[in-house]
Amino acid sequence: MTITITAFERSPDRGRGLARDMRIRWALEEVGQPYDVRLLSFKAMKEAAHLTLQPFGQIPTYEEGDLALFESGAIVFHIAERHGGLLPDEANARARAIAWIFAALNTVEPPIFDRSLVQILERDEPWYEQRLRALEDSIRKRLADLSRRLGDADWLDGAFSAGDLLMVTVLLRLKASSRILDDYPNLSAYVARGEARPAYKRAFDAQLAVFKAASTG
Ligand code: GTB
């Protein structure tokens, strides 16, 4: 059955792979599943046809036969459940890998995401610097703990998993807008290992091609 995902027609990140369709592309590349992409304008994302798929009018979405899904974490988890390669078979190891999915999205991503929003939306506010520092303190706390847990391992819990895939995409967002990650060399190396995976590169190139086509067309 054909898999179709949605992505920005013209991503505001200018093809840097920071929009959340990148997670889905990467997961599909890791498990070797081909997919189609339906590109959406900001206007189309808020229209009824898309709101049926994604109640908040956002990308990405995932369609396969009569299944329609939204939320990038749920989509990556679904892909990992359906296909081999992103979750261990052994029950306890699988549960721990799933815990890392939640840790990436619920514990590490929020202050990183909030920092990006503050940088975009609150730059002219009198509290801007104070708020930015507070968020950066929160980020550093999370990174220090994550760094300690990772230690000198390649991945968070044994083999590369969907938890690593999501954690790396979360950290890439931070790397794109600050030097904070440089203070945690093992996390920088962890992110680089993720980016070096052939599946990551294929996914990155595919989303970049969309941006280039939109810029020349
Ligand atoms: N929780 C949802 C999920 O994980 O799927 C969040 C989805 C989401 O935030 N989608 C964003 C979106 O559709 C695109 S990815 N925004 C449009 C809207 O809400 O109207 C977030 C994103 C956007 C842009 C950049 N960038 O330019 O760097 C990075 C990430």
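How many bridges join strand E3 to E4, and do the two strands run parallel or antiparallel? Four bridges join strand E3 (residues 61-64) to E4, and the pairing is antiparallel. Two strands are taken to pair if DSSP finds at least two bridges between them. Helices (H or I, at least four residues) and strands (E, at least two) are DSSP runs, numbered from the N terminus.

The model is predicted: local features need pLDDT of at least 70 and side-chain atom pairs count only at pLDDT 80 or more, while totals for chains, interfaces and linings use all residues. Residues are numbered from 1 along each chain as its sequence is written, and side-chain values use heavy atoms, with hydrogens and water left out.

Strands E3 and E4 form a hairpin with two residues between them. Gly 65, in the turn, has a positive phi of about 60°.

A cis peptide bond, with omega about 5°, joins Ile 59 and Pro 60, and Pro 60 is placed in the loop between H3 and E3. In the loop between E4 and H4 is Glu 71, which has a positive phi of about 75° although it is not a glycine. Glu 71 is partly exposed, with a relative accessible area of 41%. Arg 14, in the loop between E1 and H1, likewise is not a glycine but has a positive phi, of about 55°. Arg 14 is exposed, at a relative accessible area of 60%. On this scale buried means under 20% relative accessible area, exposed over 50%, and partly exposed in between (1.4 Å probe, protein chains only).

The aromatic residues form a further set of contacts. The structure holds seven aromatic pairs; rings of Phe, Tyr and Trp (its six-membered ring) pair if their centres lie within 6.5 Å, with planes under 30 degrees apart counted as stacked, over 60 as edge-to-face and the rest as tilted. In one of the pairs, the rings of Trp 26 and Phe 160 have centres 5.8 Å apart and planes at 35°, so the pair is tilted. Trp 26 lies in helix H1 (residues 21-30) and Phe 160 in the loop between helix H6 (128-150) and helix H7 (162-177), so this pair ties together parts that are 134 residues apart in sequence. Trp 26 is buried, with a relative accessible area of 0%, and Phe 160 is buried, at 8%.

The rings of Phe 56 and Phe 70 have centres 6.3 Å apart and planes at 65°, so that pair is edge-to-face. Phe 56 is in the loop between helix H3 (48-53) and E3, and Phe 70 is in strand E4, 14 residues apart. Phe 56 counts as exposed at 54% relative accessibility, whereas Phe 70 counts as partly exposed at 29%.

Trp 26 and Phe 160 also belong to one aromatic cluster with Trp 155, Tyr 190, Tyr 200 and Phe 204. Arg 193 lies over the face of Trp 155, at 5.8 Å from the ring centre, and Arg 197 lies over the face of Phe 160, at 3.7 Å from the ring centre. A charge sits over a ring if NZ of Lys or CZ of Arg is within 6 Å of the ring centre and within 35 degrees of the ring normal.

Finally, the largest nonpolar core has 50 residues, of which Tyr 62, Leu 143, Met 167 and Leu 171 touch the most other members. The elements giving two or more residues to this core are strand E1 (3-8), H1, H4, helix H5 (91-121), H6, H7, helix H8 (185-195) and helix H9 (198-216). The largest share, nine residues, comes from H7. Such a core is a set of buried Ala, Val, Leu, Ile, Met, Phe, Trp, Tyr and Cys residues joined through side-chain atoms within 4.5 Å.
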